[in-house]
Amino acid sequence: MIAAGEPAPQFTLGRADGARFTNADLEGQTTVFVFYPFAFSPVCTDQLNLYQEVLDEFAERGATLYGVSCDATWSQTAFKDKLGVSIEQLSDFEPKGETCRAFGVYHPGGFPQRALVIIGPDGIVKWAYEANSPGDLPGANLIFDGLATV
């Protein structure tokens, strides 16, 4: 997995509107990538709902969260709408898992490992965490602790 102090790798992710999200979108902001295995899975549902509850607190600390999975944008949009969350979803669908591989979080089962990566406004990884298994739910306090290092 990518480590703190490394520059964010070059990547391209898909947005729901068909636009691309790239390294250029990181400039000038603190970004939290929430890598999750599958839209509509129980732990992913709980994770995004939990983060949505404290989204304002993340924003107060200057951080913007993005969910990242290998699901197609259509699936991510349906997932986001069903949950009623505002956390933007970014798709690593095609080529499948390319960004997840670049960040070192691609699970051999064909999906992202559950991981959190904080990237500073300068494009440098400030903090990173990978769950022991895809079934583990990283609490919001982990992100707050990571943001304290930025």
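Predicted model: local features only at pLDDT ≥ 70, side-chain atom pairs only at ≥ 80, totals over all residues.

How many disulfides does the count come to? The count is zero. The rule asks for two cysteine sulfur atoms within 2.5 Å. Take Cys44: the closest cysteine sulfur to its own is in Cys70, and that is 11 Å away, so the pair is too far apart for a bond. For Cys70, the closest cysteine sulfur is the one in Cys100, at 4.1 Å, which is also too far for a bond.

Are these cysteines buried or exposed? Cys44 is buried, at 0% relative accessibility. Cys70 is buried too, with a relative accessible area of 7%.

Now the cores. The largest nonpolar core has 23 residues. Those with the most contacts inside it are Val32, Tyr51, Phe58, Leu65, Phe79, Ile143 and Leu147. At least two residues of this core come from each of strands E3 (30-35), E4 (63-69) and E8 (115-119), and likewise from each of helices H1 (42-53), H2 (55-60), H3 (73-83) and H5 (140-147). H5 gives the most, with four residues.

Have a look at Ile143 in particular. What does Ile143 touch, once neighbours within four places in sequence are left aside? Its contacts are Val32, Tyr51, Phe58, Leu65, Leu116, Ile118 and Trp127.

Conventions
Residues numbered from 1 in each chain as written. Heavy atoms only, no water. Buried < 20%, exposed > 50% of the residue type's maximum accessible area, 1.4 Å probe, protein only. Core = buried A, V, L, I, M, F, W, Y, C linked by side-chain atoms within 4.5 Å. Contact = heavy atoms within 4.5 Å.
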